[in-house]
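Dear colleague,

Please find below the structure that I am handing over to you. My notes on what was found in it follow directly after it.

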Amino acid sequence: MADMNDILNSFFGGGMQGGGMAQRGRRARDETVAIPASLEDLYAGKVLQIPYHKTTACNSCQGTGSKVKRPRGYTCTACRGSGRRMVVQQMGMMIQQMQVVCDACSGSGESIPDSEKCGVCRGRKTAEVDAPLTVTVEKGMAHGQEIRLRGAGSLNTSMGTMGDVVAVVQQSKHDTFVRKDCDLFMTLSLTLAEALCGFQTKITHLSGRTLIVRKNRGEVTKPGDVQCIKGEGMPLFGKNGKFGDLIIEFHVTYPDRLDDNHVEVLRQALPSGPNTPSSGAGETYYVSKEDMSVLQREVEKAEEVEDEERGSAGGCQAQ
Ligand SMILES: [Zn+2]
Ligand SMILES: [Zn+2]
């Protein structure tokens with residue numbers, strides 16, 4: 001492999017000039033690459049290998065484009081190396097002088113004779129190579145966070161510099177946890193019996209550990225209740241040893257129907273309210289949506305009759 005400076009020199013025809021601001025101003029454009037990362041990766045941190053394809057200096061000619069070992073300068077004779085040519089154009093009575101890109105060298109200021117062109121790159125000086133990126137995803141990194149890989153990008157032949165690659169973290173969806181900043185959220189479904197009598201269940205945490213969530217016998221969980229487990233959220237980026245919280249929201253699944261004898265048992269066990277129907281006695285109303293609208297119409301009709309009666313007696317008018 002040739003010395004990098006030699007390769008760069010060959011692009012510049014005489015070495016990199018300047019530095020500092022001038023150099024930065026001429027930097028190659030960044031390339032952006034999405035880095036898919038699971039919540040587990042972002043929890044523990046991981047080194048990921050991402051397939052990547054880029055343009056680099058041709059290895060065969062060491063970026064000179066020539067098969068000659070020590071090529072002399074290939075200054076384009078048409079433009080004398082400037083890459084531009086002056087053309088004279090006549091427009092009616094006027095004669096205009098214009099500068100155009102040299103067509104002999106496509107503006108590069110250099111032209112390698114076919115007989116001396118590198119057999120591999122055919123004088124282009126560059127090669128397309130597979131160059132997998134190694135990206136270190138750190139603990140607690142966020143979706144959309146950028147990781148700059150300096151000089152990992154393609155060679156910019158006109159600038160003679162290697163571009164940067166900006167790796168952007170793409171957090172994938174998780175089956176159990178939803179991340180909000182440094183906190184993790186999850187829902188846990190309980191049966192009605194578990195909600196009323198207590199339960200014990202296991203959660204596989206992002207760290208791989210098993211967390212046990214329990215409510216003791218007799219502790220009641222209501223639908224929508226939340227439990228916060230301190231320090232079991234995501235690690236805080238750049239703050240070693242600090243973590244967010246894990247917030248569990250409980251859902252309770254109710255049975256569709258209960259057997260008669262279960263109703264009796266439950267009624268005895270649970271506190272009764274003022275609306276408890278006495279079994280068998282009186283009329284039974286099942287209040288469904290249809291029943292409600294029928295009831296509503298009946299009530300409205302009764303009110304209309306009342307209004308008419310009052311209206312004829314000179315009551316207050318809405319209009
Ligand atoms: Zn070559
Ligand atoms: Zn030229």
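In this predicted model, Lys 125 sits in the loop that runs between β5 and β6 (helices, H or I, of at least four residues and strands, E, of at least two are DSSP runs, numbered from the N terminus). Although Lys 125 is not a glycine, its phi is positive, at about 75°. Lys 125 counts as buried because it has 24 C-beta neighbours inside 10 Å; the term buried requires 20 or more other C-beta atoms within 10 Å of a residue's own, exposed means 12 or fewer, and partly exposed lies in between, with C-beta atoms placed from the backbone. Ser 106 belongs to the loop between β5 (94-101) and β6 (126-130), and it also has a positive phi, near 55°, in a residue other than glycine. Ser 106, however, is exposed, with 12 other C-beta atoms within 10 Å.

As to conventions, residues are numbered from 1 along each chain as its sequence is written, while chains are lettered from A and ligands numbered from 1 in the order in which they are written. Because the model is predicted, local features need pLDDT of at least 70 and side-chain atom pairs count only at pLDDT 80 or more, whereas totals for chains, interfaces and linings use all residues.

The chain has six helices and 17 strands. Of its 319 residues, 18% count as buried. Among contacts between residues at least 6 apart in sequence, 67% join residues at least 24 apart; a contact means that two C-beta atoms, placed from the backbone, lie within 7 Å.

The largest nonpolar core has 19 residues, of which Ile 35, Leu 42 and Val 137 touch the most other members. Such a core is a set of buried Ala, Val, Leu, Ile, Met, Phe, Trp, Tyr and Cys residues joined through C-beta atoms within 7 Å. At least two residues of this core come from each of β1 (31-37), α3 (39-44), β7 (133-137) and β11 (165-171). The core lies between domain 1 (31-62 + 123-171) and domain 2 (177-253), because both give residues to it; the domain bounds come from an automatic or database domain assignment. Beyond its neighbours within four places in sequence, Leu 42 is in contact with Ala 37, Val 137, Gly 140, Met 141, Gln 171 and Met 234.

A second, separate core of seven residues includes Ala 57, Cys 58, Cys 118 and Cys 121. Cys 58 is located in the loop between β3 (53-57) and β4 (84-91) and is buried, with 23 other C-beta atoms within 10 Å. Leaving out residues up to four places away in sequence, Cys 58 touches Gly 63, Cys 118, Val 120, Cys 121, Lys 125, Thr 126 and Ala 127.

β12 and β13 (residues 183-191) are antiparallel over three bridges, and Arg 179 has Leu 184 in β13 as its bridge partner.

Finally, six bridges join β14 to β15 (residues 210-215) in the antiparallel sense, with Phe 199 opposite Lys 215 in β15. Of the six residues of β14 (residues 199-204), the number buried is zero, so this strand lies largely in the open.

With kind regards

Notes
Two strands pair if DSSP finds at least two bridges between them.
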